[in-house]
Amino acid sequence: MEGDIHTILDFVTLAATLWVIYMMKFKLKSSFMADLDSMHYWYLIVPCAVAAFLIHPSTAHNFFFRVLWAFCVYMESISVLPQLRLMQNVQIIEPFTAHYVFALGVARFLGCAHWINQVYDTSGAYLYLAGRGYFWIPMVFLAEIVQTFILADFCYYYIKSVVSGQLLVRLPQPV
């Protein structure tokens with residue numbers, strides 16, 4: 001059952017992501033502010049690719065697919081950085097975008113809580129499963145923690161805005 005629900009949730013996530021990409025590329029293209037989108041993507045992609053080549057799962061799958069899987073895990077953990085950087089440059093976030101990013105933060109927190117629960121339930125043995133490589137599971141755990149902390153800052157300002165009754169989320173100026 002657990003595998004089935006994860007497959008369904010992954011499909012729903014994929015469909016929602018494709019819908020957001022479609023809306024950004026075609027319906028909302030005029031609202032894109034290229035001058036404020038200052039994140040260089042290679043600074044994110046290259047370290048993730050190197051980490052994936054060095055630390056990936058030890059499964060029966062083809063080497064390329066194991067590295068691709070690791071690359072996806074690592075990229076997912078930092079993929080929200082360009083969006084957060086753009087929002088930080090804009091400093092005022094519209095409610096729909098704020099709700100979406102906050103939902104991502106809650107999902108990441110729950111994902112991180114799941115990993116912490118797995119480690120706790122197995123008294124730490126889950127970190128070093130036999131046949132999975134000694135670094136893969138800790139790296140996945142670290143990726144979940146990194147993504148949770150990246151989104152925690154935004155979630156703080158989101159909750160602060162909601163509690164104060166503001167419709168728009170205001171972020172501090174970048175340093």
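**Exposure, helices and a pocket in a predicted model**

Me: In this predicted model, does C72 count as buried, partly exposed or exposed?
Reply: The relative accessible area of C72 comes to 44%. A residue is called buried under 20% and exposed over 50%, with partly exposed in between, so at 44% C72 counts as partly exposed.

Me: And C48, is this cysteine buried or exposed?
Reply: The cut-off for a buried residue is a relative accessible area under 20%. The relative accessible area of C48 is 6%, so C48 counts as buried.

Me: How many disulfides does the count come to?
Reply: A disulfide is a covalent bond between the sulfur atoms of two cysteines. The rule used here asks for a pair of cysteine sulfur atoms within 2.5 Å, and by this rule the count of disulfides is 0.

Me: Within what arc do the buried residues of helix 2 fall?
Reply: Helix 2 covers residues 42-54, and among its residues L44, C48 and A52 are buried, while W42, Y43, F53 and L54 are exposed on the other side. In general, an α-helix has 3.6 residues a turn, so residues three or four places apart point the same way. Seen down the axis of helix 2, the buried residues line one face of the helix, because they fall within an arc of 50°.

Me: What distance does helix 2 reach from its first C-alpha to its last?
Reply: Helix 2 has 13 residues, and at 1.5 Å a residue a span of 18 Å is expected. The model comes close to that expectation, since the reach from the first C-alpha to the last is 18 Å.

Me: How far apart in space are Y74 and V146, C-alpha to C-alpha?
Reply: Y74 has its place in helix 3, which runs over residues 63-78, and with a relative accessibility of 5% Y74 counts as buried. Along the sequence Y74 and V146 are 72 residues apart, yet in space their C-alpha atoms are separated by 9.7 Å.

Me: Which element gives the most residues to the lining of the second largest pocket?
Reply: The second largest pocket holds about 160 Å³ of space, and its lining has 8 nonpolar, 1 polar and 2 charged residues. Two elements each give two or more residues to this lining, namely helix 6 (136-163) and helix 4 (81-90). With 5 residues, the element that gives the most is helix 4.

Me: In what order do the elements of the protein chain run from the N terminus?
Reply: The secondary structure of the chain comes to 6 helices and 2 strands. Read from the N terminus on, the order of these elements is α-α-α-α-β-α-α-β.

How values were computed
Residues are numbered from 1 along each chain as its sequence is written. This is a predicted model: local features need pLDDT of at least 70, side-chain atom pairs count only at pLDDT 80 or more; totals for chains, interfaces and linings use all residues. Side-chain values use heavy atoms; hydrogens and water are left out. On a 1 Å grid over the protein atoms alone, a cavity is a set of points where a 1.4 Å probe fits but cannot get out, and a pocket is an open set with protein on both sides within 12 Å along at least five of seven lines; lining residues have an atom within 4 Å of a point. Grid points are joined across faces, edges and corners, and a volume is the space filled by probe spheres set on the points. Helices (H or I, at least four residues) and strands (E, at least two) are DSSP runs, numbered from the N terminus. Ala, Val, Leu, Ile, Met, Phe, Trp, Tyr, Cys and Pro count as nonpolar, Asp, Glu, Lys and Arg as charged, and the others, Gly among them, as polar. Buried means under 20% relative accessible area, exposed over 50%, partly exposed in between (1.4 Å probe, protein chains only). The expected span of a helix is 1.5 Å times one less than its number of residues. The arc is that of the directions from the helix axis to the C-beta atoms.
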